Amino acid sequence: MALTKASYSLITGASFNVLDYGADPTGVNDSSSAIQAAINAAQVITTASVVSNSVFIPAGKYKIASTLQITESSIQIVGAGRNASVLAGNSGVTVVKIQKAVNQDIFFTTLRDFGIISGAVGVYGVGAYYTYLENMSIFNMTDVGVRMDSAGATVTDGLHLISCLTGTIVTGK
């Protein structure tokens, strides 16, 4: 269920739109806390109902000054297209991190239809199983485009890694 701005009511199956949480699609203001709030809302619903919930990032450029954390299973982050919805990380930032509590695994995370530009690491997962990276572009990472440690079944489809110091690092458990 997601809160819709039009009616301020919960609708089962609706995505959590980052604009409803105050994200700035112009790239001028930091959108980290707004996008994290949408992710957190989806994670609370997912934990309570054991269904997959998605966070929607509409077209725009979103400034990311601090790491976006996915800490629960079955979360989807979906944009309007890999060149339409773009997360622009600050220097030294890991833009998206997928990790549950220490010594616990996280399952079925999907990142789809958005791009990541700038930062140290585009996507970093620890103990992440069945992670899907689909129709994404990751540009200009000073360290690694995608790093998955102690991971199982990382699936990529239409992943473009451009001008990253290292493209992909995947280690199994």
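Author: Here is a walk through the salt bridges, pair by pair. This is a predicted model, where local features need pLDDT of at least 70, side-chain atom pairs count only at pLDDT 80 or more, and totals for chains, interfaces and linings use all residues. Residues are numbered from 1 along each chain as its sequence is written, and side-chain values use heavy atoms, with hydrogens and water left out.

Side chains of opposite charge can pair when their charged atoms come close. A salt bridge here means a side-chain nitrogen of Lys or Arg within 4 Å of a carboxyl oxygen of Asp or Glu. The whole structure holds 4 of them.

Take E72 and K100. Their closest N and O atoms are 2.8 Å apart. E72 sits in the loop between strand 6 (68-70) and strand 7 (75-79), and K100 in the loop between strand 9 (94-99) and strand 10, so the pair ties together parts 28 residues apart in sequence. Strands are DSSP runs (E, at least two residues), numbered from the N terminus. E72 is partly exposed at 23% relative accessibility. Partly exposed lies between buried (under 20% relative accessible area) and exposed (over 50%), with a 1.4 Å probe and protein chains only. K100 is partly exposed too, at 21%.

Next comes E134 with R112. Here the closest N and O atoms are 3.9 Å apart. E134 is in strand 13 (residues 128-139) and R112 in strand 10, 22 residues apart. R112, D113 and E134 are linked in a network of salt bridges.

Last, D149 pairs with R147 at 3.0 Å between the closest N and O atoms. D149 counts as buried because its relative accessibility is 13%. R147, at 30%, is partly exposed.

Note on methods. Helices (H or I, at least four residues) and strands (E, at least two) are DSSP runs, numbered from the N terminus.
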